[in-house]
Every structure is written in structure tokens, then in C-alpha cells.
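Try each task on your own before you read its solution.

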Amino acid sequence: PQHAGESTVDRALTAALRLIEANEDELGRLDAVAADGDHGLGMTRGMRAAVTAARRCTGPAEQLLAAGTAFADAAGGASGALYGVLLAETGAGLRGEITAETLADAVDNAAAAFTTLGKARPGDKTMLDAIEPFRTTLRAAVHGSAGRSDTGADIADAWRKAAQAATVAAQETADLVPGKGRAARLAERSKGHADPGATSFALLVTAVGDVLGG
Ligand code: ADP
Ligand code: MG
Ligand code: MG
């Protein structure tokens with residue numbers, strides 16, 4: 001049997017941790033523009049805990065549920081709880097067979113739980129402004145490949161298109177004014193700078209796409 005440490009979820013979380021570590025300073029710098037500067041540190045702490053917790057479990061659903069709980073506990077802050085829900089709810093949606101369709105459904109459900117918890121709206125300059133284009137692009141790419149076989153290559157292709165959309169959208173948050181979270185108080189300062197949470201989300205899904213594709 002496959003060891004938990006060799007699973008796709010484990011490889012995806014580990015790749016995500018590496019990319020977050022490489023961008024820790026940049027995420028902190030973006031968060032310091034109009035808020036408290038701790039987003040890089042919170043993300044590395046959270047992802048390290050998520051990787052460790054996932055390695056103790058077997059199966060994508062259990063691994064992502066454990067990763068989400070561990071992330072929320074270790075990262076702290078607004079984004080800790082929000083990423084915790086995103087990870088855990090994605091896992092909750094992957095209890096059965098994983099196809100492009102069930103993956104898109106799981107991401108939809110996770111995004112809905114995220115919005116219920118955070119109450120941000122599109123355009124509030126938060127993670128949601130990268131999550132929404134990710135979600136809708138993934139859904140469109142999955143529908144676009146309907147009728148073809150539900151292979152790993154189809155899933156990887158759809159995920160990477162979605163990650164690309166999230167990356168562009170995260171960069172475009174530089175033009176927005178914060179309406180939620182800590183940065184809303186000094187909103188004008190953040191003009192011209194991307195939202196830290198949207199930026200970290202784009203990094204996470206990009207790293208996962210590289211694992212799925214290779
Ligand atoms: P904190 O603000 O508690 O220090 P972080 O610095 O880790 O937490 O995360 C800040 C990021 O969290 C923001 O850039 C934004 O993307 C996201 N965020 C904060 N509040 C919300 C919210 N209510 N809904 C959605 N995203 C949010
Ligand atoms: Mg912060
Ligand atoms: Mg903080």
C-alpha cells in the first residue's frame with residue numbers, strides 16, 4: 001500500500017509549503033503596507049503544521065481535514081481560520097471517487113463555506129478576489145472537457161488554467177480598495193499593492209498545479 005507521505009495531497013501540500021517559504025518575506029511586506037505584516041509568517045507556520053498533520057492521515061479527505069484544522073491552529077489570524085475552512089471543506093468534498101467534476105464541486109463548497117465565515121464580497125480586496133476566478137475557471141474548464149475521459153491529465157489541465165486565472169486576479173487586486181479585514185482601516189495605503197491573502201492563495205494553487213501536472 002501507498003504510504004501517506006507519498007500521496008498526491010502530501011506532495012501538493014509540501015510543494016505549496018516550499019513556494020510559500022520562498023515568498024514569506026514578500027507576503028509579509030504586502031501585509032505591512034496597510035496592516036500588521038504577519039501574513040508571511042502565519043502562512044509558513046500554518047503550512048508547516050498542515051504538512052505534518054496530513055502525513056499522519058491516509059486518504060485525501062482525511063488528510064485535507066487534518067491539514068485544515070492544523071493550519072487554523074498554527075497560523076492564527078483572520079487568514080488562519082479562513083484557509084483552515086478552505087482546506088477542510090475541500091477535503092470534505094473528496095470523500096468519494098475523485099473526478100474533475102467532484103473536484104470542482106469540492107472547491108465550490110469550500111468557497112461557499114469560506115464566504116459564510118469571512119463575509120467578504122467580491123471587490124473587497126481579499127483572498128476571495130483570487131478564489132472566485134479560480135473557482136469559476138476550474139468549473140468552466142471541467143465543463144469544457146465534458147464527454148472526454150476524466151483522466152488525471154484533464155484534472156491537471158483544468159487546475160492549471162484556474163491557477164493562472166487566480167494569479168492574474170491576485171495581481172489585479174492592486175487596483176482595489178480593502179473593504180474587509182485589518183487593511184480596511186488604512187485602506188488608502190494599500191493602493192497599488194496586491195492583497196496579501198489573494199497573493200498567497202495564487203501561490204498555493206500554482207504549487208498544487210505543478211504537482212498535478214508533473
Ligand atoms: P490578520 O489580518 O489577522 O493579521 P493575515 O495577515 O494572515 O491575518 O491575513 C490577511 C489576509 O486575510 C487579507 O489579505 C485578506 O486576503 C484575508 N482576509 C482578512 N479578512 C478577511 C475576510 N473577512 N474575508 C476574506 N478574507 C479576509
Ligand atoms: Mg496580518
Ligand atoms: Mg495578524
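The exercises below concern a predicted model.

**Exercise 1. List the buried residues of H1 and find what covers them.**

Solution. First, pick out the residues with 20 or more other C-beta atoms within 10 Å. In H1 these are Val9, Asp10, Ala12, Leu13, Ala15, Ala16, Leu17 and Ile20. Next, look at what lies over them: the cover includes helix H2 (24-34), H3, helix H4 (60-75) and H9.

**Exercise 2. Describe how H1 and H4 meet.**

Solution. Begin with the axes, which come within 9 Å and cross at roughly 30°. Then name the residues that make the contact: H1 brings Val9, Asp10 and Leu13, while H4 brings Pro60, Gln63, Leu64 and Ala67. Finally, sort them by class, which gives five nonpolar, one polar and one charged.

**Exercise 3. Follow Ala67 from its contacts to the largest nonpolar core.**

Solution. Setting aside residues up to four places away in sequence, Ala67 touches Leu13, Ala50, Ala53, Ala54 and Leu87. Step back to the largest nonpolar core, which has 69 residues. Ala67 is one of the residues with the most contacts inside that core, and the others named are Ala16, Ala50, Ala130, Ala162, Ala166 and Phe201. As a general background, nonpolar side chains in soluble globular proteins tend to be buried together.

**Exercise 4. Is Lys161 buried, partly exposed or exposed?**

Solution. Locate Lys161 in helix H8 (residues 152-172). Count its C-beta neighbours inside 10 Å: there are 18, so Lys161 is partly exposed. Beyond its neighbours within four places in sequence, Lys161 contacts Thr137 and Ala141.

**Exercise 5. Work out which helices supply the shell around ligand 1 and what classes of residue it holds.**

Solution. The shell has 23 residues, and the closest are Gly77, Ser79, Gly118, Gly181 and Gly197. Helix H3 (39-55), helix H5 (77-92) and helix H9 (196-213) each give at least two residues. H5 has the largest share, with four residues. By class, the shell holds eight nonpolar, eight polar and seven charged residues.

Terms used:
Residues are numbered from 1 along each chain as its sequence is written. Chains are lettered from A and ligands numbered from 1 in the order in which they are written. This is a predicted model: local features need pLDDT of at least 70, side-chain atom pairs count only at pLDDT 80 or more; totals for chains, interfaces and linings use all residues. A nonpolar core is a set of buried Ala, Val, Leu, Ile, Met, Phe, Trp, Tyr and Cys residues joined through C-beta atoms within 7 Å. A residue is buried if 20 or more other C-beta atoms lie within 10 Å of its own, exposed if 12 or fewer, and partly exposed in between; C-beta atoms are placed from the backbone. Two residues are in contact if their C-beta atoms, placed from the backbone, lie within 7 Å. A residue is near a molecule or strand if its C-beta atom, placed from the backbone, lies within 6 Å of it. Ala, Val, Leu, Ile, Met, Phe, Trp, Tyr, Cys and Pro count as nonpolar, Asp, Glu, Lys and Arg as charged, and the others, Gly among them, as polar. Axes are lines fitted to C-alpha atoms, for helices over the stretch in contact, and angles run from 0 to 180 degrees between N-to-C directions.
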